[in-house]
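Work through each task with the sequence and coordinates at hand before reading its solution.

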Amino acid sequence: MAPTRKRIVSSEKTTNQSVKKAKIDLSSTVERILESKKHANDVFDVLEVLQSEKEKDVISAVEACSTLFCSLLERKDLFMGKLPEEEEALSGGYSAEEKFRIFMRHRYKNSVEILLDHLSHELHTIKESALCCLIKFATAEGQHPLENLDWSEHYSFPRELIQAVVDNLLSKTADNSLLISRFQEFLEMDDLRYYVMSSIRENVGRVMEQNKGAVMPIYQNNVFTLMSSISVPNEESELSNFMVKQDAKQKDWKAAKLNEHKRTFERMWLGFLKYKLPSSMYKRILVILHDSILPHMSKPTLMIDFLTAAYDVGGAISLLALNGLFVLIHQHNLDYPDFYKKLYNLLEPSVFHVKYRARFFHLANIFLSSSHLPVYLVAAFAKRLARLALTAPPTALLIVLPFIYNLIRRHPSSRVLIHKPDAENDAVEDPYLMEEKDPAQCRALDSSLWEIKTLQRHYHPDVAKAAMLINTPLSDQEDDISEVLETTAHELMEKDLKQSQIKSVPLEFETATHLLKGGGDVLGQHFCLV
């Protein structure tokens, strides 16, 4: 909102002259205003330049506003309490001193509104300059509050100004990632971080409800960028860097308590994650979940609804969601009986061809590492992987076969799958139910791993060799699958080509008896391949 001027400059020529003069003398203009109240109207020159179209002029005006209004706040020359309208101040029973303070408080309000608008400016330098000035205003307001309250019973903090800054950072139409990264530096201040988290929660609830919970990619990306830059300290003793000091009341202030920070952090994330997200954002959140989000929550198990919804997205997101659930189960005692059923249903032919194949088997190896898993569950995973192996590429088979062997090593009871003497002679249908989604009902223990026997005739020698291991007693030492997780078809081919070049061909020397006839004293000789 543009400031209301008391002196009207109608002519465009006169306006331009006024702006030029203000550009040249901004510093002296500020000095005149601070020296004498009779120059109060000169503040309009500063606000005029603040709305200029030229980058250097705007940045100079921002610095002038910062100096002017921070000084006025420090000197208590801005009206305190509920701000009356300017017309009311002129007609009411206010002293000249009070009228001056009301006037300058309105100009301060105008400058804040212009600076908030500049957070959406097309030039980043102006955005950054405006942001830094607003934080200076917030600091000054915290130290010299504009509310007329008994501060022995209340806590001083410029919540409304911080809420306005957060509202403008979380734009619905513009990507503010760069500006938010600059704002991140201010989040080192513990009280500011606390109130920013509250402001984000309030903003998300209001905006998403207005939009009826629909996906808003740009807005939600701005929210995620800001939230992911917030980190809560691990110890309460680390809460020592405050923008506003509360003196004797500091210990009782919510912003100075670690539990309140964690609770606010938790509410902020849960308030954001309860709405539908862009599909690309699920992965970004799940990647940082167990390191940057769960450790700072007071009740991490409340994330179960989000993780369950993320699993339903499919693909790599489902796997990452299971990783989050696994962390909750093992580190936070979450009871989630459907975990292994969900993992079992991710085993599809496509898992051998996706980009995240290595990560899938790395995490699956961790999920199935416990020796306390029931034998029916281990048998179900081994059998399903063996069946999928029949159509898998060689690079995947070199992962799957050691994976199955490791499962059998960890759970000796599952050896029944490879010790069925009658399985080869009985020409009966395999009892295993491939289409069954519940591993407890798939009848894997009634079957055998005949698929691995079939792979002993595989066209690739490395696969056939790996499949032959099942004919001999498996060693107790597990295979390290990490060495083959990233193997590509190109690397496998290069390996085969190098082996064929090194291999030497044995030769045998034999005397030729019929190669040269009538040669007399000439003896013919030749070499032949064995």
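A residue is called buried under 20% relative accessible area, exposed over 50% and partly exposed in between, with a 1.4 Å probe and protein chains only. The model is a predicted one, in which local features need pLDDT of at least 70 and side-chain atom pairs count only at pLDDT 80 or more, while totals for chains, interfaces and linings use all residues. Residues are numbered from 1 along each chain as its sequence is written, and side-chain values use heavy atoms, with hydrogens and water left out.

**Exercise 1.** Determine whether Trp-269 is buried or exposed.

*Solution.* The relative accessibility of Trp-269 is 1%, so this residue counts as buried.

**Exercise 2.** Classify the pair formed by the rings of Phe-224 and Trp-269.

*Solution.* Rings of Phe, Tyr and Trp (its six-membered ring) pair if their centres lie within 6.5 Å, and planes under 30 degrees apart count as stacked, over 60 as edge-to-face and the rest as tilted. Here the centres are 6.3 Å apart and the planes stand at 75°, so the pair of Phe-224 and Trp-269 is edge-to-face.

**Exercise 3.** Describe how Trp-269 and Phe-272 are arranged.

*Solution.* Their rings form an edge-to-face pair, at 6.4 Å centre to centre and with 75° between the planes. Because the two lie three residues apart in helix H12, about one helical turn separates Trp-269 from Phe-272. Finally, both Trp-269 and Phe-272 are buried.

Key: Helix = DSSP H or I, 4+ residues; strand = E, 2+ residues; numbered from the N terminus.
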